[in-house]
Number of protein chains: 2
Amino acid sequence: MDRTYNFNPGPAALPLEVLEQGRDSFVDYGGQGMSLLEMSHRSKPVEGMIAETERQLLELIGLRDAGYRVLFMSGGASAQFALLAMNLLTAGKVGRYVLSGSFSEKAYEEALTVGAAEVLASGKATGWAKLPDVEAALASLTEGDTAYAHVTTNNTIEGSQFKTFPDTGGIPLIGDMTSDILSRQIDWKRFAMFYAGAQKNLGPAGVTAVVIREDLLAAAANAKVPAIFRYATYASNNSLYNTPPVHSIYMMKLMLAWTAREGGVAAMETRSAEKAAMLYEAIDGSGGFYRGIVEKPDRSAMNATWRLPDEALEKAFVQEAQAAGFAGLAGHRSVGGIRASIYNGVPVEACRALAGFMNDFRKRRG
Amino acid sequence: MDRTYNFNPGPAALPLEVLEQGRDSFVDYGGQGMSLLEMSHRSKPVEGMIAETERQLLELIGLRDAGYRVLFMSGGASAQFALLAMNLLTAGKVGRYVLSGSFSEKAYEEALTVGAAEVLASGKATGWAKLPDVEAALASLTEGDTAYAHVTTNNTIEGSQFKTFPDTGGIPLIGDMTSDILSRQIDWKRFAMFYAGAQKNLGPAGVTAVVIREDLLAAAANAKVPAIFRYATYASNNSLYNTPPVHSIYMMKLMLAWTAREGGVAAMETRSAEKAAMLYEAIDGSGGFYRGIVEKPDRSAMNATWRLPDEALEKAFVQEAQAAGFAGLAGHRSVGGIRASIYNGVPVEACRALAGFMNDFRKRRG
């Protein structure tokens, strides 16, 4: 089978061996005479599988026995935009948002449907080409009425990524890490909670990992929030309050095991830097034919975005790339241009091939 | 491969050919050089797949072009308990609940976290052995302040099932059909909305189908509900407001196609009656060794529940059955006893074999 070079923004490329493992256990799981999809979520194999997935994720980020839990929830990061506010935005408190792209704006707007939310800093005036100074913005905050501060660590539509995160002291720092979790080593403990829809670095769509510090779980016990939407419900029931998306969690488990086998987060960081460098070098060495959308210091190692001299050339680029076996390169419909999403599952070879295609296209059309 | 006789209550048995189809397209989908799990949810193949799944479900229940939409949501029926109230329980209105088992109670309790809810009728005083008179209860209702009336059509823990549903006139009738959707022909148009977690008759866990009448969608536009939790958001975006659980929807599509190939809902009803009769005959013909938990007229064709003379015998029954290749027969932990869940994916042969085992066990231990 010919594998396409897959640069889809999410759902996105998964390692072939993860897909093959998923396939091989699809009809029969562990010789039990049935598929994992047919097993009660309260059976020993499924309970054990879910507990092991939590353990593996905490292990990969060095947070085992560090006072954090992993909740397996549904609805993607977009559901967390609302659930975060429903759980933590109590009366008299304000959720403060760092705006760095479309998804951070959506998180802020959803919070407004639930309670009080304010913008702490925004890069919107630059057309999201430059990240706001998160260090300065957070340094100016005192605990006061702040329920939490929220930051989107990687902006998957715009192609920007925060490099460091400040110590927010007693203010819970919340991170939407959907598009860069497990791609680099960061000081995870700076976050009181972070969440990620699976469909980038954690496996296929269908489950959301919420990593939350235990003290925040206790604070989040709000009886006016339906039980199914309380973080505490998931923690106390080991994500088995109701039927979870069992197979999506299993695919995450396979993806986490693959990540560990490949060398863990440190190896992913090295590899991501190598992959991103190939594309950014093709952009920066193009004599202006390709123009990066984001300022260099803020560029993402997960989503590279760039423009061509005009839209006709951009269209030709995407079409010729598609014909040459490169999928998913059109920029998000809200911004246009080109975007290459190079999550953990995208092999180095795919980036090398794409850089080669970029150079070739420039020579022919530049 | 030996297939276990699978009587799990959900996630539950799926037809082998549905599992095999899922497996065969797991690594590569439609010769695209990638898995369905790696495709953008905004790509033509995925958009088309989701639209086709909606069409297939409406077709199977005769509601195509009848003013209904199918929304593909997350979080199972338990999320709908809350979402229903969040969307439809506006100020000054009351949600009225028919209580017929544990899940209907949960639906009622979640509504109370959101707004005003009242019990319309309850079978709890009988230990859920008898269904409340839903016809009488609903006949007594005038529109007034009633936002909706809610009924759980099949009680999967207790093993009871409503047989008919009244015409509620202008009062929206809402059905939780998680454990019996597509198992029998009913007058679907009596319901303004019904929903079902996939993990019984619609495929594996991970997606919830919400079938909703378009006038209710318009009425449900409540700006104080986060966008991600509004029914209108899903309808206007064809369930693509954010990344949906793509593979779970695909498995539902395979399950719907299988249902159609097998003869549709009419065939499922005949087959379900045949399967249920085998088990109830083994119970009723046991001279009192097996005792049905639910009164005969209220028995479910999806979940048969019964007791043995004592708990030691019940434990022995489950253990010996397990050893003989029958899985999932222990009653729900809240009620004990025995439960055989015989959803659409459970073959007639499995029920015949179980009835044989029941007769054999009775002869040996009765």
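Predicted model: local features only at pLDDT ≥ 70, side-chain atom pairs only at ≥ 80, totals over all residues.
**Exercise 1: a helix pair in chain A**

Work out how the axes of H9(A) and H11(A) are oriented, and which residues make the contact.

*Solution.* Start with the geometry. Two packed helices are described by the angle between their axes and the distance between the axes. Helix H9 of chain A covers residues 264-284 and helix H11 of chain A covers residues 348-365; their axes come within 9 Å and cross at roughly 5°. Angles under 35 degrees count as roughly parallel, so H9(A) is roughly parallel to H11(A).

Next, list who touches whom. H9(A) brings Arg271(A), Glu274(A), Lys275(A), Met278(A), Leu279(A), Ala282(A) and Ile283(A). From H11(A) come Val348(A), Cys351(A), Arg352(A), Leu354(A), Ala355(A), Met358(A) and Asn359(A). Sorted by class, that contact has nine nonpolar, one polar and four charged residues.

**Exercise 2: the sheet in chain A**

Find the strand order, the edge strands and the helix that packs on the sheet.

*Solution.* The sheet is open, has three strands in the order S11-S12-S14 (chain A), and its pairing is antiparallel. Now the edges: strand S11 (291-292) and strand S14 (338-341) of chain A each have a single partner strand, so one side of each is left without a neighbour in the sheet.

Zoom in on one pairing. S11(A) and strand S12 (residues 303-307) of chain A run antiparallel and are joined by two bridges. Gly292(A) has Trp306(A) as its bridge partner in S12(A). Finally, H9(A) packs on this sheet and touches S11, S12 and S14 of chain A, with its direction making about 15° with that of S12(A).

**Exercise 3: the sheet in chain B**

*Solution.* Three strands make an open, antiparallel sheet in the order S11-S12-S14 (chain B). Strand S11 (291-292) and strand S14 (338-341) of chain B are the edge strands, each pairing on one side only. Ala304(B), for instance, has Ala340(B) as its bridge partner in S14(B). Helix H9 (residues 264-284) of chain B packs on the sheet, touching S11, S12 and S14 of chain B, at about 15° to the direction of S12(B).

**Exercise 4: salt bridges and their surroundings**

Take the salt bridges Arg184(A) with Asp180(A), Asp360(A) with Arg364(A) and Lys296(B) with Asp284(B), and say how buried or exposed the partners are.

*Solution.* Some background: side chains of opposite charge can pair when their charged atoms come close. Over all chains, the structure holds 42 salt bridges.

- Arg184(A) and Asp180(A) meet at 2.8 Å, N to O. Buried means under 20% relative accessible area, so Arg184(A) at 10% is buried, and so is Asp180(A) at 3%.
- Asp360(A) and Arg364(A) meet at 3.1 Å, N to O. They sit four residues apart in helix H11 of chain A, so about one helical turn separates them. Asp360(A) is partly exposed at 38%, and Arg364(A) is partly exposed at 43%.
- Lys296(B) and Asp284(B) meet at 3.9 Å, N to O. Lys296(B) lies in the loop between S11 and S12 of chain B and Asp284(B) in helix H9 of chain B, so the pair ties together parts twelve residues apart in sequence. Lys296(B) is exposed at 55%; Asp284(B) is partly exposed at 40%.

Notes. Residues numbered from 1 in each chain as written. Chains lettered and ligands numbered in written order. Heavy atoms only, no water. Axes fitted to C-alpha atoms, helices over the stretch in contact; angles between N-to-C directions. Parallel < 35°, antiparallel > 145°, perpendicular 65-115°, else oblique. Contact = heavy atoms within 4.5 Å. Nonpolar A, V, L, I, M, F, W, Y, C, P; charged D, E, K, R; others polar. Pairing = 2+ DSSP bridges. Salt bridge = Lys/Arg side-chain N within 4 Å of Asp/Glu carboxyl O. Buried < 20%, exposed > 50% of the residue type's maximum accessible area, 1.4 Å probe, protein only.
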